[in-house]
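Please keep the sequence and the model in view while reading.

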Amino acid sequence: MTDRSAYELEAFRGDIDGIRVYGDPKQVELRSRDYYWYSPILSEELDGRVGDIVVIPQDQDEVRRVAAAAAKHRIPVTVRGGGTGNYGQCVPLEGGIILDITRLDRIIAIEPGKARVEAGARIARLDDAAHAVGQELLMYPSTRRIATIGGFLSGGSGGVGSLRHGMLRDDGNVGYVKVMTLEPEPQIIELHGPDIQKVQHAYGTNGIILELEVGLTRFTDWVHTAALFDSYLTALCFALTAQETGLDCYLLTPVERRFATFYQKFGERFPADRDAVFAMVAPAEMGRFEKLAKEFGGAVSFAMSKEELHSAGLQPAYECGWNHTTLQALKVDKSWTYLQVAYPRPFDPELVIRQMERYGDDLYMHHEMARLEGEIQIFALPLVRYRGRDAMYEMIREFQELDGCDIYDPHAYTIEDGGMKEIDTAQIDFKKRADPYGLMNPGKTRGWTPDMAVRA
Ligand code: FAD
């Protein structure tokens with residue numbers, strides 16, 4: 001643990017003179033948080049952890065000056081994009097500098113099939129700019145409005161669009177990353193192809209991402225829609241068939257009826273006696289979507305553009321999916337928390353029903369149809385009634401041991417205890433190069449031990 005009295009914050013401030021900073025404790029506290037409060041376990045562990053100063057560089061040269069001064073004075077650095085991570089990724093465990101990267105937001109180039117952009121650009125701005133030239137992002141998190149593209153690479157995994165294009169780490173989704181090292185004389189490292197994995201989902205522990213190139217595809221004016229069914233099993237089977245038969249969707253999100261209470265704005269579009277599949281469907285495929293819903297005994301309850309939904313006071317379909325589903329519930333009732341589940345392949349919908357029976361009122365189901373490594377992969381983000389840490393880990397054990405599911409634990413703040421499971425030695429080797437003093441987001445990877453830090 002870094003001793004805060006050991007670093008010279010005033011000397012650091014002197015070295016970065018002219019660069020915008022916030023030292024006001026309220027501002028610093030605000031920017032020391034993310035959405036870790038979804039987890040009562042993380043709240044217990046992370047509440048009260050704050051940085052010392054927020055620094056907001058305006059361009060890459062200012063980032064270089066901040067990196068150099070932080071390294072010189074050996075001050076911990078937590079990079080912050082939109083601050084929408086769920087696992088305390090943006091919470092500084094050892095104080096220090098919050099490096100707010102959101103002014104580094106230039107869209108450098110949009111070409112056919114790809115965009116080069118600075119890391120702090122908001123995803124919505126980038127996607128909207130791609131729309132303007134007839135293209136769109138391959139995928140984005142449901143936090144599209146606030147999250148940054150660099151934060152998505154460093155802290156996210158996939159989301160809306162993953163149904164078509166796989167998860168973020170799958171081949172071809174990110175083509176290039178430009179990283180700055182944290183040293184008295186910061187270096188630039190350029191990563192291409194598989195080398196990008198060295199910084200992907202590394203929680204900002206091994207270098208400051210300055211720029212990246214992400215894949216684009218042809219723009220589709222998605223219809224935001226939902227179909228309703230008599231049972232959750234039917235809703236799941238419908239969504240699976242839609243996916244297996246190649247219906248052109250960007251999102252397919254089965255949500256069981258007990259969620260309807262958290263979606264009251266939708267009224268009869270999602271009533272409490274029906275299970276829903278929220279979707280984004282290509283306009284040319286709406287006929288097939290409706291026909292398939294009918295074949296499963298269901299019906300489409302609304303089909304609108306994003307603008308029409310907005311005018312009706314409703315959120316787009318993607319804010320009914322992924323972790324926004326959890327957010328809708330938490331807005332109403334804070335006694336819930338959640339899990340992240342990857343189902344064994346091939347997916348067996350009956351397993352879900354057995355899980356629902358096992359946990360009764362303590363678990364509400366919500367699934368995401370996606371792809372991973374070229375294959376169909378079904379995830380769930382169920383709401384879980386919080387009954388203490390032991391009960392939570394007992395449930396996790398049952399999902400894993402009884403059902404063969406993988407859990408990406410959202411109640412843990414290290415990379416390894418969350419989704420990655422094991423230490424990624426390539427990421428740690430890269431950290432030795434990009435963060436030789438071990439200053440970046442300390443405590444977030446179990447793979448780094450103090451003896452690895454350069455002493456001089
Ligand atoms: P931040 O939270 O600011 O940062 C995330 C991590 O990346 C931190 O460790 C930070 O230090 C590091 N970082 C940020 N920028 C840089 C940089 N330039 N260089 C180095 N490190 C950096 N995630 C998904 O994957 N899919 C979803 O669908 C999804 N839905 C969500 C829904 C809700 C309601 C919420 C609250 C979260 C959701 N998330 C989801 C998690 C999160 O929103 C995304 O991962 C998002 O992309 C994070 O971007 P951000 O800019 O907010 O990153």
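The report treats the ligand site, then a helix, and then strands.

The model is a predicted one, in which local features need pLDDT of at least 70 and side-chain atom pairs count only at pLDDT 80 or more, while totals for chains, interfaces and linings use all residues. Residues are numbered from 1 along each chain as its sequence is written, and side-chain values use heavy atoms, with hydrogens and water left out.

**The ligand site**

The ligand is surrounded by 37 residues, the closest being Val79, Gly81, Thr84, Thr148 and Gly158; a residue counts as near if one of its heavy atoms lies within 4 Å. The table lists polar contacts, that is, pairs of N or O atoms within 3.5 Å.

| Residue | Protein atom | Ligand atom | Distance |
|---|---|---|---|
| Thr84 | polar side-chain atom | oxygen | 2.6 Å |
| Thr148 | side-chain N or O | oxygen | 2.6 Å |
| Phe152 | backbone N or O | oxygen | 3.5 Å |

Taken alone, the ligand exposes 970 Å², of which the protein buries 97%; these areas come from the Shrake-Rupley method with a 1.4 Å probe. Two or more residues of the shell are given by each of β3 (77-80), α6 (149-155), β10 (208-218) and α11 (322-332). Helices (H or I, at least four residues) and strands (E, at least two) are DSSP runs, numbered from the N terminus. The largest share of the shell, five residues, belongs to α6.

**Helix α13**

Met392, Met395, Ile396, Glu398 and Phe399 of α13 are buried, where buried means under 20% relative accessible area, exposed over 50%, and partly exposed in between (1.4 Å probe, protein chains only). Seen down the axis of α13, the buried residues fall within an arc of 160°, so they line one face of the helix. Asp390 and Glu401, both exposed, lie on the face turned away from that buried side.

**Strands**

Strand β8 (residues 174-180) runs antiparallel to β9, joined by five bridges; strands pair if DSSP finds at least two bridges between them. Opposite Ile189 in β9 stands Val179.

Definitions and conventions:
The arc is that of the directions from the helix axis to the C-beta atoms. A polar contact is a pair of N or O atoms within 3.5 Å; within protein, one must be able to donate a hydrogen and the other to accept it, and residues adjacent in sequence count only if both atoms are side-chain atoms.
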